[in-house]
Amino acid sequence: MENDDDTKEDPQSQVKNSVSMEKNCCDEDTFRLHMVTWNVATADPPDDISSLLHLSSPKTPDLYVIGLQEVYSAPHRFIIDMAVEDSWSHLFMSSLAPRGYLKVSSTRMQGLLLLFFSKLAHVPFIRDIQDTYSRTGISGYWGNKGGVSIRLSFYGHMLCFLNCHLAAHMQYASQRVDEFEYILDTQTFDPKKTPHILDHKLVFWFGDLNFRIQDHGMHFLRNCITSHKFNLLWSKEQLTMMKKTEALLQEFDEGPLDFQPTYKFDRFSDCYDSSGKMRKPAWTDRILWRVKPKEPPPEEEKDEDRDSGLDEKNTKNQQEEEEFPLKLKQDSYTSNMEYGVSDHKPVIGIFTLELRKMYETPLVRVCAEGEWSADFDAMVIYSPLQPFPSSAWDWIGLYKVGFRSVSDYITYTWVKDDEVSFNDELTQVYVSKDEIPALGGECVLCYYCSTLQCIVGISSPFKVHESKVAVEEGLAPENIDGLEKAS
């Protein structure tokens, strides 16, 4: 695990650095990815998750992906969580937003929750976002087992994240593989691009996969764990064993299981199950990945009836692989023994993603024109930098720096209804002074494309000044400045 005692970066500085759209922020071809999987066993979240997210580390991730299983989902609680965000999502957003991370996407199926966060600088380059789910538990009628996934394009490269909770108990190893294959078969996306999970250039498969350590007795297991001789257990670990015979599993890579088995613990303890059931320790919680194999070179023409369209597609894919390569390296794979709210310990995987960007220019440039305050109407200027499917339903939102998700806007304006003037290069859009916060603060503007269902342009941060009229009329104390105090 990384050293959390390293020099800390001030959260406000992190926000400023992340929000900045300067060229050098997005030109690097190396990205840091922090992944977490945790079966939280219906528990409420802990007070602090800084250690889980390595918030004290000087190496800040570009992306966070959080997969939870067994989030409390009794019917009444689940309905409430659908109306307002659940407590786990709230905690992750509240912890990451002040450091300049935006929740780009999330999906939930009963107890399964998947969250995707990105530094703000990358957000205009994250597109084609879709999510889906598959039920496998209780004949598929209830979502206590199954998989949820988020897929997206990151600088043009198609990535998919699949969070699973598979069948429990020692004797169901083959059923777990069958459930995984069922999830892969049933989850589909936009057929024009990557219709199935394995069509994506990079796939992460993680979650409570529930594979156990078989044959070894409890005494031998605990001795190996106590002495940190984890390698003596690998040969009888079910997923490792299944990979020897299952071709599908052989396509997925995983780092060495060089940490304590993460199940099953007495809660708020580092002691394994001391109940009457005495469950054997197991590496149930895992993070695996698959980089799509390279397309085979086209064979020589032998058949007059050969599908020329398929040949053309394969050639195009091969050219893309050569021109825009993608590599993945795992830097860390470990558990975090600090947290005791669940009978599982969380597992953390840190990766370096190397890729050549397919594009480096956002679809839209957007900025605030002139000085902004609630004393007068304001103007937004935007200009398309590349062709994209704009519509009358597109809008530009005003956000405070450190906002948590796309729905956290202070106000918004429709790009067509509130249009003031335009030419071939830029368009002016009107914002009423009544919609601008009287107390002011540091803000950004985001252009949201309704067709693409994502943010395609973000302004540099700018200051909304405190309203002089509001201060003079006693509506806002002169010593209050900023949206944070207002909220």
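1. Accessible areas here come from the Shrake-Rupley method with a 1.4 Å probe. On that basis the protein exposes about 22,600 Å². Carbon and sulfur atoms supply 49% of that area. The model is a predicted one.

2. Overall make-up. The protein has 12 helices and 21 strands. Of its 487 residues, 53% count as buried. Take the contacts between residues at least 6 apart in sequence: 70% of them join residues at least 24 apart.

3. Main core. The largest nonpolar core holds 66 residues. Those touching the most other members are Met-35, Phe-154, Phe-161, Phe-204, Leu-353 and Trp-372. In soluble globular proteins, nonpolar side chains tend to be buried together.

4. Phe-154 deserves a look. Leaving aside residues up to four places away in sequence, Phe-154 touches Phe-31, Leu-63, His-122, Phe-125, Ile-126, Leu-159, Leu-353 and Leu-355. One of these, Leu-353, is also listed with Phe-154 among the core residues that touch the most other members.

5. Neighbours of β6. Strand β5 (residues 126–135) runs antiparallel to β6, joined by 8 bridges. Arg-135 stands opposite Gly-146 in that pairing. Strand β7 (residues 157–165) also pairs with β6 in the antiparallel sense, over 9 bridges. Leu-152 has Leu-159 of β7 as its bridge partner. Leu-159 is also one of the residues that Phe-154 touches.

6. The turn between β6 and β7. How many residues lie between the strands of this hairpin? There are 2. Tyr-155 takes a positive phi near 50° in the hairpin. Check this residue by eye.

7. Helix α5. Residues 87–96 form this helix, which is mostly covered, with 7 of 10 residues buried. The buried set is Trp-88, Ser-89, Leu-91, Phe-92, Met-93, Ser-95 and Leu-96. Their cover includes β1 (30–39), α3 (50–53), β2 (63–69), β3 (101–109) and β4 (112–119). At the start of α5, the backbone nitrogen of Trp-88 has a side-chain oxygen of Asp-86 within 3.0 Å. Trp-88 itself is among the buried residues of the helix.

Notes
Residues numbered from 1 in each chain as written. Predicted model: local features only at pLDDT ≥ 70, side-chain atom pairs only at ≥ 80, totals over all residues. Heavy atoms only, no water. Helix = DSSP H or I, 4+ residues; strand = E, 2+ residues; numbered from the N terminus. Buried < 20%, exposed > 50% of the residue type's maximum accessible area, 1.4 Å probe, protein only. Contact = heavy atoms within 4.5 Å. Core = buried A, V, L, I, M, F, W, Y, C linked by side-chain atoms within 4.5 Å. Pairing = 2+ DSSP bridges. Polar contact = N/O pair within 3.5 Å; in protein donor to acceptor, adjacent residues only side chain to side chain.
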